[in-house]
Amino acid sequence: MTATHNDLVIRPITGHDELGLFCQIPYVLNEELVSDLNDGHRRPGWLWVALHGDRLLARAGWWKMRHHAAPQVLDIFDIADHSGSSQCLDIGARLVREAVAKVVRQGTSFPEYSRFIPPDWRDHPAARRAVEGRMQALERTGARLFVERFRLEWRPGTPITARTGRLSFGPVRDQQALISLMTEVMDGTLDARGRRDLTRMSPAKAAIRHYEEELSRYRSPREWWRIGALPDGEPAGFVIPAHNGYNPIIAYIGVLPAYRGHGYIDELLAEGTRILAAEDVPRIRASTDLGNVPMANAFRRAGWADFSHEINMTWD
């Protein structure tokens with residue numbers, strides 16, 4: 001499990017005892033590593049380092065949902081030197097290639113790369129060098145940029161739009177009712193993942209996949225889920241408040257194509273926010289693509305802060 005060349009050592013950490021070594025490079029996810037290892041989201045064999053003596057040059061770490069056996073996302077990747085030198089980028093790329101050969105089962109696709117970054121990263125030279133350096137190193141392994149996303153946050157004390165009466169809200173009746181609405185929402189979606197899914201499968205299959213791989217896995221109450229209906233009882237959209245194990249979130253929100261452009265997104269978002277706020281939560285989070293302008297604008301109108309961005313890269 002150890003590779004050496006020109007005094008470079010690439011290997012996984014041995015366990016909790018080496019988390020201090022792995023966390024020498026600051027990042028917001030560092031504080032979650034102990035609980036993630038204990039909860040089965042990570043394994044020591046999925047946390048890799050590139051070392052020169054005792055000096056940490058680069059690191060990479062993978063994460064999964066509890067019920068999965070294989071890693072689902074490369075969510076930690078850092079190069080200690082942000083100068084952008086070719087040698088440093090090569091070290092980062094080599095680390096990922098050698099780790100993937102051990103972490104990812106042969107014949108399966110690379111897990112996607114995810115990175116939280118400052119929302120104004122393009123405006124600050126140091127932040128820009130770090131972000132672009134990581135991306136360039138991963139490009140050397142065959143990765144490409146897939147999407148950049150807003151990470152949004154609501155805090156207690158932020159006003160929640162009052163109900164207008166244009167929509168009435170009721171619980172999701174059953175799984176099939178929600179999947180049917182999700183299928184309709186796929187029509188004209190601006191979400192990059194949804195658009196990619198539609199190049200590979202039917203809208204119905206895409207909706208089922210989304211439900212089974214994400215929504216059905218949340219342990220938070222399904223009684224929180226809401227369908228917004230017009231006065232005649234016709235559904236106009238839905239909102240899925242949930243808890244992902246780290247934060248309360250708006251997991252999914254959608255307006256049916258026939259009712260877009262009428263402001264119903266604001267009422268759906270307010271209802272989902274209201275449900276979670278009633279749980280006395282310290283924050284609520286959500287995310288949407290930079291290209292999904294109508295959704296991003298709805299969150300801004302509701303007072304949500306753009307506190308971070310997320311870069312996603314794939315090896316498709």
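Mentor: Happy to! Let's start with a term: a residue is buried under 20% relative accessible area, exposed over 50%, and partly exposed in between, using a 1.4 Å probe and protein chains only. This is a predicted model, where local features need pLDDT of at least 70, side-chain atom pairs count only at pLDDT 80 or more, and totals for chains, interfaces and linings use all residues. Residues are numbered from 1 along each chain as its sequence is written, and side-chain values use heavy atoms, with hydrogens and water left out.

Trainee: Okay, is D280 buried or exposed?

Mentor: D280 counts as exposed, because its relative accessibility is 70%. You'll find D280 in the loop between α8 and β12 (284–289). Helices (H or I, at least four residues) and strands (E, at least two) are DSSP runs, numbered from the N terminus.

Trainee: What is phi like at D280?

Mentor: Phi of D280 is near 60°, which is a positive value in a residue other than glycine. For background, most residues other than glycine have a negative phi.

Trainee: And α8, how many of its residues are buried?

Mentor: In α8, 11 of the 14 residues are buried, so the helix is mostly covered. Among the buried ones are Y264, E267, L268 and G272.

Trainee: How far does α8 reach?

Mentor: Helix α8 covers residues 264–277 and reaches 20 Å from its first C-alpha to its last. That is close to the 20 Å expected at 1.5 Å a residue, where the expected span is 1.5 Å times one less than the number of residues.

Trainee: New topic! How many salt bridges does the structure hold?

Mentor: The structure holds 27 salt bridges. Each is a side-chain nitrogen of Lys or Arg within 4 Å of a carboxyl oxygen of Asp or Glu. In general, side chains of opposite charge can pair when their charged atoms come close.

Trainee: Which residue does E132 form a salt bridge with?

Mentor: E132 pairs with R128, and their closest N and O atoms are 2.9 Å apart. Both lie in helix α4 (residues 125–139), four residues apart, about one turn of the helix. E132 is partly exposed at 27% relative accessible area, and R128 is partly exposed at 34%.

Trainee: What about R155, which partner does that one have?

Mentor: R155 forms a salt bridge with E153, with the closest N and O atoms 2.9 Å apart. R155 counts as partly exposed at 40% relative accessibility, whereas E153 counts as buried at 10%.

Trainee: And where do R200 and D316 lie?

Mentor: First, R200 forms a salt bridge with D316, the closest N and O atoms being 3.2 Å apart. R200 lies in the loop between α6 and α7 (203–213) and D316 in the segment after β13 (305–314), so the pair ties together parts that are 116 residues apart in sequence. R200 is partly exposed, with a relative accessible area of 48%, while D316 counts as exposed at 54%.

Trainee: Last one: where is D7 found?

Mentor: D7 is in the loop between β1 (3–5) and β2 (8–12), and D7 is exposed, with a relative accessible area of 58%. D7 and H52 are 45 residues apart in sequence, and 6.1 Å apart in space from C-alpha to C-alpha.
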